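Let's take a walk through this fold together, starting with a strand and its partners and then turning to the aromatic rings.

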Amino acid sequence: MRIIGWRLEGSFPNEAKVIVAVAPHTSNIDFLLTVVVIWSLGIKASFLAKQSLFQFPLGIIMSAFGGIPVDRGSPQGLVEQMTEQFDSQSELILGITPEGTRSDVVHWKRGFALIACAAKVPVLPAVLNYKTKLVRFDRLISTLDDAEQIVRAVQEAAVTGASRKR
């Protein structure tokens, strides 16, 4: 992280299963930055990405880094599929970008929160601040009975983190 001028703030929880909500998602560089963070923490993580990114030859790299392809045109069943993934594995760290796109959006996709509620897996907001070159882990969200509240908490963490100065 120091080599590329970035730093981490906060701590990654000692949880076998967690959904990491990475926000804001504004650049293709987010993926590379996330890989560097994962390597620096020494963890194995998975992520959801649009199915088209899994075409040869990029698909080999995406799968090697833990990618799970998603057909964004057919959201039916994703929550159930990911709940089964969490239930069937003793450890799973899943990174998701709640906006679902690099474009500015008013309403975030709430799939990550629905997965968290259904699978009973806590959510860790991870906020990227390109101005200060900081990746900040916010407080772990363990109250999993209201998907809308989870989305609001992650949005609040992202807004607060994006406005922080060094």
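**A covered strand and its aromatic pairs**

In strand E5, Gly95 is the bridge partner of Phe47. This is a predicted model, in which local features need pLDDT of at least 70 and side-chain atom pairs count only at pLDDT 80 or more, while totals for chains, interfaces and linings use all residues. Residues are numbered from 1 along each chain as its sequence is written, and side-chain values use heavy atoms, leaving out hydrogens and water.

Strands here are DSSP runs of at least two residues, numbered from the N terminus, and two of them pair if DSSP finds at least two bridges between them. Strand E3 (residues 46–50) runs parallel to E5, joined by two bridges. Strand E2 (residues 17–23) also pairs with E5 in the parallel sense, over five bridges, and there Ile19 has Leu94 as its bridge partner.

How well covered is E5 (residues 92–96)? Five of its five residues are buried (under 20% relative accessible area with a 1.4 Å probe, protein chains only; over 50% is exposed, in between partly exposed). In a regular strand, side chains alternate between the two faces of the sheet. In E5, Leu92, Leu94 and Ile96 lie on one side and Ile93 and Gly95 on the other, and both faces are covered.

Now for the rings: the whole structure holds three aromatic pairs (ring centres within 6.5 Å, using the six-membered ring of Trp; planes under 30 degrees apart are stacked, over 60 edge-to-face, the rest tilted). One of them is Trp6 with Tyr130, edge-to-face at 5.2 Å centre to centre and 90° between the planes. These two residues are 124 residues apart in the chain. Trp6 counts as buried because its relative accessibility is 9%, whereas Tyr130, at 31%, counts as partly exposed.

How values were computed
Helix = DSSP H or I, 4+ residues; strand = E, 2+ residues; numbered from the N terminus.
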